[in-house]
Every structure is written in structure tokens, then in C-alpha cells.
Amino acid sequence: MAFNLTRRKFLQTASLAAAAVPLSKVVSAETGVAKKASLEAKGTMGDTTVVGGVCEMCFWRCQLTGKIRDGQLMKLEGNPKSIDNGMSICARGNAGVKLLYDVDRLKYPLKNVGKRGEPVWKRISWQEALDECGSKLKAVVDQHGPQGICIFPHGASATYPMHYFEHAVGTTNVSEASFFQCRGIRDTAYVATTGKAPNETVDMANAKVIFLVGSHLGENIHVSHIKGYIKGLQGGAKLVVADPRYSASAAKSDIWVQIKPGTDTAYLLAIMNYLVKNNKYDKEFVAKHTVGFDKFSAAISEWTLDKAAKECDIPAAQIKEVAELLAANAPNVAIHPGRHVSWYGNDFQRERALACLTGLLGAYYVKGGWIDPINAKLGKPGWPKHEHGNEHNLNFVSDKKVYPFSPPGTPTELIRDCAISGKPYPIKGCVVWGQNPMQTIPKQEKMKQVFNAMDFVMCVDVMPTDVTMWADILLPESSYLERHDFIKTGTGKVKADDKEPTQFIAPRMPLVAAMFERKDQVYITNEIAKRMGHEKDIPAQTLEELVDKVLEPAKITLASVKAEGGIHLQPGQSPYGVPDDFKVQLFSDEVAAAGHPGAPTYKAVEGVPAGHARLLYGRAPVHTFNRSQNNVWLNHEMPDNPVWLNDEVAVKLGLKNGDTVGFINSEGVKSRTTTTVKVTPGIRKDCVYMYHGYGSANPLMTAGVGKGVDDQSLITKIAIDPETGCHGMRNNFVKLTKDGKTLDIPA
Ligand code: SF4
């Protein structure tokens with residue numbers, strides 16, 4: 001059938017992605033609605049090209065064009081004007097067409113006339129849905145105050161409503177998964193160390209050494225980022241990867257450090273101690289741009305190679321080899337700060353250690369090192385911020401922060417505890433916008449308790465993800481291909497040999513009109529705001545008006561950018577050259593004053609109990625967690641998440657490749673579904689590994705439901721990072737189950 005004809009090229013794309021070369025330039029498409037004719041046979045993939053698309057199959061926001069025929073989107077490509085992703089988009093980006101036309105997408109406002117968690121949906125009008133959302137949320141505020149509302153937002157479309165509830169309504173009970181279960185620790189650790197939040201744009205393209213701790217680039221794919229990584233490797237950069245698993249990065253590495261999970265900070269401290277003790281650090285940079293060197297070097301002095309080797313279960317000689325390699329190539333070393341770093345509850349200190357190591361090597365603001373690209377300045381119009389104080393901020397007790405280096409918002413666990421206990425105050429209204437807390441936040445039973453404690457739960461989403469089963473009112477949102485939205489900015493080069501970089505500004509524009517009754521975030525939020533009594537605060541009547549206000553400082557408009565091909569280019573500035581006032585807090589008085597170790601410090605994590613293996617998880621190359629599980633192209637490429645099991649362990653358990661297994665964790669929680677075994681020498685014996693986001697529970701996700709195992713359902717033990725309040729999620733231990741029997745993992 002036509003699908004097979006067109007899918008061939010897509011398969012090439014996906015397999016390239018899986019092989020860590022995710023730079024597809026060709027892809028097939030079909031309408032996904034009704035038309036099933038062979039598009040390739042017609043010799044063209046669309047009659048009209050529409051510019052201005054910005055991908056949101058993941059957060060990276062590659063710039064797109066769309067091929068349109070008869071009003072339908074046939075194919076997505078990279079925008080030829082892009083100096084970011086260029087013409088390349090990854091497998092997920094290509095498969096955006098299938099999200100757009102997914103038959104399971106939410107189409108109309110729905111009211112749950114059954115029970116939360118076991119919904120019975122009734123289609124209602126927007127008028128009725130908005131009236132109910134506005135009146136129920138207002139009733140919560142009137143009875144309990146603005147703090148009676150909590151919000152779990154995610155994604156570009158959630159920013160506007162999040163700011164409405166924070167700024168106009170006045171709740172601080174906001175928890176973003178991207179902060180509290182993902183990268184927030186990294187951001188606040190780097191801010192505490194350097195005053196700058198990092199992003200992934202370490203200058204890998206020009207590095208002599210790329211240094212990764214746990215980052216599995218190649219499975220974790222963001223186009224321009226991976227292009228920089230590949231360019232660096234092609235240019236001869238050495239790759240050092242610390243990972244308990246033979247990841248896509250480990251497979252390309254010059255040095256694979258098969259480290260014991262949870263001990264990364266000890267490894268980093270030993271490298272730094274070796275550099276200091278052997279005078280192999282950048283003395284000039286340290287003298288001019290660091291603070292607290294003496295206290296720092298004294299604090300880490302116990303971390304000899306031998307001590308770290310024992311703790312990390314790796315050879316001392318290998319740590320020395322890594323340290324020597326870094327020193328020999330400094331300062332052109334790209335110490336990657338990672339992205340999802342909420343691992344063990346000791347993560348702030350590990351991220352501090354990465355930032356300090358970069359400083360010891362003098363690798364800030366240099367070619368091949370950590371850089372801070374200077375992007376175009378844009379406006380920040382939005383909801384006027386009313387003064388609400390910290391009286392009801394759960395992260396404050398007597399004006400002192402519980403978690404002093406918490407990311408923006410309130411740590412999730414504080415919100416959940418308050419919602420369930422009613423102390424120190426009731427939380428009775430919940431807004432979930434684009435996030436799927438059932439699969440982003442650990443302890444699913446606790447999340448259910450939160451929803452059951454609410455007077456009202458409202459969800460806004462594109463797909464019927466698991467959390468939507470807990471909504472009272474469920475609103476269908478337009479997808480990223482159907483709406484305007486906030487803006488991707490960055491820097492790049494128009495020509496490879498350009499001396500100076502160019503800045504780009506790419507506002508998201510719709511490639512097709514929204515179908516059915518889907519609405520954008522500004523419409524939905526404004527209508528609720530009117531019903532809650534905040535009409536006078538509304539900052540823009542439409543999303544287009546809002547985006548135009550954001551663009552004002554650059555003296556451009558949506559219309560002018562569209563005429564330019566969807567991307568505005570303007571002269572940029574070099575990211576190299578250390579600012580005089582830039583300082584790296586090797587020893588941070590601020591961290592010490594807050595009651596935490598001022599120098600990066602290792603805290604051992606809980607060991608693996610007898611009979612168990614530590615559960616590790618990560619990103620799949622062709623999925624963005626649960627968000628893409630129902631996408632039929634992506635689901636076809638990776639329909640489930642086989643569990644990686646060490647080959648020697650497998651022999652002892654009598655398991656072979658492809659056997660079907662389930663799981664039971666050390667707290668007695670069983671997986672709802674099963675998956676298959678991937679037997680490999682490429683993982684330590686004390687761990688198992690699976691891709692995150694599988695095993696959807698919602699039967700409305702007809703392609704993704706029940707496929708693979710939901711790793712989050714097994715993450716019931718959490719370790720809270722003491723500095724940030726973020727969740728550490730890799731302290732969970734599992735046994736395998738097969739045919740009703742539980743299999744103890746051999747020691
Ligand atoms: S990396 Fe892939 S999924 Fe992410 S924005 Fe780019 S094309 Fe889309």
C-alpha cells in the first residue's frame with residue numbers, strides 16, 4: 001500500500017537517527033486523513049511550500065517548511081533559510097505530519113461524566129467548557145485564595161497560561177517537569193557557580209575533547225546540537241563518556257568509563273584533585289576568574305585516584321588517563337552540562353563539579369569550550385505581575401527557603417504534600433497544561449491522590465495522554481503546526497567560513513489551519529481569565545498580537561518575517577572572550593551560607609538491595625518520551641522499550657534475547673505491562689535500562705496504549721536533591737518477572 005512505498009525513506013531516516021546520524025534530508029509523507037494514494041508516484045510531495053513552521057516534536061524548535069496539497073500538509077522539511085538545523089530534521093520532526101492528523105487527537109472540549117481515572121467523556125461546547133473552568137477555578141480562589149490552585153505546565157504553549165496563574169491569579173504552586181524532573185538542577189547549579197544558566201550549546205563543533213557524563217547523544221537527538229557533536233568528532237575531537245551502559249555515545253567514545261551509577265561526582269572530584277595536585281589546571285584563568293580556590297582544593301583533596309576508583313568501580317588508571325587528556329587539550333574541551341540530570345538526589349553537587357571542572361581547565365568562553373551565545377533581544381510582554389509575596393510560597397518557611405537553589409516554581413513534592421494533607425493550606429484546583437504528570441513525575445499513586453484531593457481538575461492537551469484521564473474538563477489545543485507561538489532565537493553561520501556569527505529569529509507560524517474545535521493558548525487562557533475577573537489584565541487579544549509585541553525590539557513583525565522566508569537574520573556577536581567580571585565559584589560562600597557544602601561534594605547513594613538491579617532509563621532516538629508514543633510512524637520504528645540486561649546475568653536467569661518479562665520493584669509495585677529482553681554485554685550487571693515514556697495506560701491512545709513498560713510506574717522511591725528540591729529518580733530497584741515467577745538478579 002501507499003504507506004509502505006512512502007515509509008521506506010522514513011525508515012532510512014529513523015535508522016539514521018538510531019545510529020546517531022539523525023540528519024535526514026528526505027522523508028516521505030501521506031496525508032494521514034483519508035488520502036492514501038502514492039505521493040511518490042506523483043513525483044512531488046506538495047504543490048505549495050509554506051514557511052514559518054517551528055517544530056515542537058521536541059523542545060529544540062528546528063525551523064520548518066511544509067509542503068501543502070489541497071489544504072493538507074503532506075511533508076515537513078527543514079527551512080532552507082535556517083542557520084540552525086538547516087534542511088535537516090530528525091525522525092520525530094518528519095513524523096509531525098502524523099501528529100497533526102492523528103485520529104486519536106483531542107478534537108472537542110470534553111466533560112468527564114464518569115470518575116477521575118475512569119473517565120466517561122461527553123462532548124460539550126466551548127462556551128460550556130470555559131464557563132465551567134472559569135467558575136470552578138474562581139470558586140477555588142474565592143474560597144481558598146490563589147494558592148488553592150496548582151498548575152503543572154509543559155511546552156511553549158503553556159507559558160502564557162502559566163504566567164496568567166502565577167502573575168494575575170497569584171499562585172506560586174507551579175511545577176514544571178522540565179525543571180523539577182529534568183534540567184532545573186543543572187540550571188541552578190551553574191547559576192550558583194558562574195552566574196549563568198547553561199544550555200546544551202557547549203561548542204562541541206570546535207572541541208578537542210568532548211566530555212559527557214551520562215548524556216547519550218545520538219539516542220538523545222536535537223538536530224543542531226547533534227550536528228555540532230558530529231562536526232566535533234569528524235574534526236578529531238576525542239570523546240570521553242561516563243555511562244554504566246554502552247550508549248550510542250559510549251559506542252563512539254575514545255574512553256568509555258563504565259561507571260557505577262550514582263558515583264559520577266566522585267569521578268569528577270578525583271579528576272579535579274589530580275589536576276590540582278599535579279599543577280595541570282589553568283593557573284591564569286583560576287587566578288583571574290575563580291573564587292575560593294584554596295578552600296576548594298582543600299575540600300576535594302581526599303579524592304585520590306584510588307579512592308575514586310574504588311567508589312566508582314573503575315580503574316584508577318582510567319581516571320588518570322581522562323584527566324591527562326583533558327589537561328593536554330585544555331582549554332578547548334567541551335564539558336557537557338547534560339539535560340535530564342534529576343538522577344540520584346545528589347545532583348546539584350555533580351552539576352557544580354562539572355561547572356568547576358570547566359573552570360579549572362579555563363574552558364569558559366573559548367573555542368571548543370563552554371559558550372554563552374549572544375542572541376537577539378526580544379520583548380517579554382505578558383500578564384502584569386501583581387505583588388503576592390511569599391506568604392503562601394511552600395518553598396519558604398519564615399522567609400527562609402526550604403530548597404535554596406530551587407528552580408523557578410515550587411518543588412513538586414511540596415505541592416503534592418500540601419495538596420494531599422491540606423497543610424499548611426488547601427489546594428483544591430489543578431490545571432495541567434501540556435504536561436503528563438502521570439509519566440513525568442514519580443510515584444504515580446501519589447499523583448492520583450493529588451487529583452483525587454481536588455475540587456476541580458482541568459487539562460489542556462493535544463493528545464489524550466495518561467493524565468487526561470484525571471480531568472474533569474479536557475480541552476483540545478491546536479498543535480505547533482496550526483498556531484503561532486513564541487520564538488526560537490539563536491546564532492549560527494550563513495556560510496561555514498563566516499568570521500562573525502549571525503543571529504536568527506524564528507517565530508512559529510501555522511502551516512495549516514486548526515481543524516475541528518482546537519484552540520490556542522491565548523484564546524483559552526483569555527476566556528478563562530475573563531470568567532475569573534481578570535479581563536483588564538489581558539495583555540493581548542490574540543496569539544499573533546502577542547508574538548508581534550515580542551518581536552517589537554527587533555523592529556520586525558510576523559508579516560515581515562514571513563516575507564523573509566520565515567526566519568529573520570541579523571548580525572551577531574562572537575561568543576568567545578571571557579568577560580572581565582566573569583567568576584567561577586569553586587568554593588561558593590553562597591551555597592555554604594545556605595547550609596550546603598560550599599565545594600562540590602560527593603554523597604553516596606543507596607546501594608542495590610540483594611536480588612535487584614538498579615533501574616536506569618533514558619531517551620529513545622525516535623520518540624520524545626510519551627508525547628510521541630501514539631505517532632504511527634514513530635510507534636512503528638520503536639513500538640516498545642526492550643530492557644537491557646547484562647549477558648552474564650541473562651545466562652544465570654535463563655533469559656535470552658526477545659523473552660517477554662515484567663518487573664516488580666523493591667517496594668512491591670508490579671509493572672502493568674511487559675516488554676522483551678535485550679541481552680547485551682553493554683550494561684553493568686547491577687543495572688537494567690529501558691527507554692522512558694512507554695506503556696501508556698489511556699485506551700484512547702490506540703497506537704501507544706500498553707506498548708512496552710512504563711518506567712515511571714516503577715519509580716516509587718524518590719530522593720529529593722537537598723539544594724534544589726528536585727526529584728532524583730534512579731534510586732529504584734527491580735527484579736524481573738516471567739511467566740508468573742519472580743527472578744532474583746544474581747549478585
Ligand atoms: S530535534 Fe527533531 S523533534 Fe526536535 S525540534 Fe528538531 S526536528 Fe523537531
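Contact here means heavy atoms within 4.5 Å. Keep that in mind for Ile 271. Setting aside neighbours within four places in sequence, Ile 271 is in contact with Phe 211, Ile 319, Val 322, Ala 323, Leu 326 and Leu 357.

Some ground rules. This is a predicted model, so to speak of local features we need pLDDT of at least 70, and side-chain atom pairs count only at pLDDT 80 or more, while totals for chains, interfaces and linings use all residues. Residues are numbered from 1 along each chain as its sequence is written, and side-chain values use heavy atoms, with hydrogens and water left out.

Now the whole chain. The protein chain has 23 helices and 29 strands. Those are DSSP runs, numbered from the N terminus: helices are H or I with at least four residues, strands are E with at least two. The C-alpha atoms fill a box of roughly 70 × 60 × 60 Å, taken along the principal axes.

Why call the chain's radius of gyration consistent with a compact globule? Because a compact globule of 747 residues would have a value near 27 Å, and the protein chain has 25 Å, which agrees. The radius is taken over C-alpha atoms, and the globule rule is 2.2 Å times the number of residues to the power 0.38.

How much of the chain is buried? Of the 747 residues, 63% count as buried. Buried means under 20% relative accessible area, exposed means over 50%, and partly exposed is in between, with a 1.4 Å probe and protein chains only. The accessible surface comes to about 26,500 Å², and 53% of that belongs to carbon and sulfur atoms. Those areas come from the Shrake-Rupley method with a 1.4 Å probe; for residues, only the protein chains shown count as cover.

Contacts next. Take those with a separation of 6 or more: residues 24 or more positions apart account for 75% of them.

Charges. There are 88 positive and 79 negative side chains, and the centres of the two sets lie 3 Å apart. Lys and Arg count as positive, Asp and Glu as negative; His and the chain ends are not counted. Each charge is placed at NZ of Lys, CZ of Arg, CG of Asp or CD of Glu.

On to the cores. A nonpolar core is a set of buried Ala, Val, Leu, Ile, Met, Phe, Trp, Tyr and Cys residues joined through side-chain atoms within 4.5 Å. The largest one has 134 residues. Ile 271 is among its members with the most contacts inside it, and so are Phe 211, Leu 326 and Leu 357. Helix α9, residues 264–277, gives the largest share of this core, 10 residues. A second, separate core has 47 residues, including Ala 158, Phe 486, Ile 556 and Val 561.

First stop, Ile 149. It sits in strand β6, residues 149–153. Its relative accessibility is 0%, so Ile 149 counts as buried. Beyond four places in sequence, Ile 149 touches residues including Leu 137, Phe 165, Ile 427 and Met 532. Met 532 is 383 residues away along the chain, yet the two C-alpha atoms are separated by 13 Å.

Next, Ile 415, in helix α15. Ile 415 is buried too, with a relative accessible area of 0%. Not counting residues up to four places away, Ile 415 touches Cys 150, Phe 152 and Ile 427, among others. Ile 427 is 12 residues along the chain from Ile 415, with 8.3 Å between their C-alpha atoms.

Then Ala 309, in helix α12, residues 305–312. At 10% relative accessibility, Ala 309 counts as buried. Outside four places in sequence, Ala 309 is in contact with Ile 314, Pro 315, Ala 316 and Ile 319.

Now the backbone. Which peptide bond is cis, with omega about 5 degrees? The one joining Ala 330 and Pro 331. Pro 331 is in the loop between α13 (316–329) and β11 (333–335). Lys 423 to Pro 424 is also a cis peptide bond, with omega near 5 degrees. Pro 424 lies in the loop between α15 (412–421) and β14 (429–433).

Positive phi, to finish. Tyr 365 is not a glycine, but its phi is about 60 degrees. Tyr 365 is buried, with a relative accessible area of 6%. Asp 399 has phi near 65 degrees, again in a residue other than glycine. Asp 399 lies in the loop between β12 and β13 (400–401). Is Asp 399 buried or exposed? Exposed, because its relative accessibility is 71%.
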